[in-house]
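I am opening my notebook on a new structure today. Here is what I looked up, one entry at a time.

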Amino acid sequence: IAGNVGAILRLGACLGVGVDLIEPMGFAWGDRAQRRAGMDYAGQADVARHADWDAFRAAAAGRIVLLTTAGAERLPDLRFRPDDVLLLG
């Protein structure tokens, strides 16, 4: 939902990490939704939008780490790399 994307935008802005949005999303996303969901931080986030999964994969560098409750590895046991891409949603 847009509120979740807003939370990720705020987190990305605060931590200084980029946020990639992969279309199509399940809700309308435009300037108005971004301002509402991202509050004052949305404009400070480094956001890249991708037309689809293939476009994202072509642009992504590094290992893609899927964050899920059903993962094979426990989060405390995982060793992150500097070039990891954390995938949510």
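This is a predicted model: local features need pLDDT of at least 70, side-chain atom pairs count only at pLDDT 80 or more; totals for chains, interfaces and linings use all residues.

**Aromatic rings**

I searched for aromatic pairs and found one in the structure. It is formed by Trp53 and Phe56, which are tilted, with 5.3 Å centre to centre and 40° between the planes. For the terms, I noted that rings of Phe, Tyr and Trp (its six-membered ring) pair if their centres lie within 6.5 Å, and that planes under 30 degrees apart are stacked, over 60 edge-to-face and the rest tilted.

Residues are numbered from 1 along each chain as its sequence is written, and side-chain values use heavy atoms, leaving out hydrogens and water.

Why are Trp53 and Phe56 separated by about one helical turn? They sit three residues apart in helix α3 (residues 53-59); helices are DSSP runs of H or I with at least four residues, strands runs of E with at least two, numbered from the N terminus.

Is Phe56 buried or exposed? Phe56 is buried, because its relative accessibility is 3%, while Trp53 is partly exposed at 40%. Buried means under 20% relative accessible area, exposed over 50%, and partly exposed in between (1.4 Å probe, protein chains only).

**A cis bond**

I then checked the peptide bonds. Most peptide bonds are trans. Glu23 and Pro24 are joined by a cis one, with omega about -10°. I located Pro24 in the loop between β1 (19-22) and α2 (31-38).

Last, I looked up Leu67, in the loop between β3 (64-66) and β4 (85-87). Leu67 is partly exposed, because its relative accessible area is 33%.
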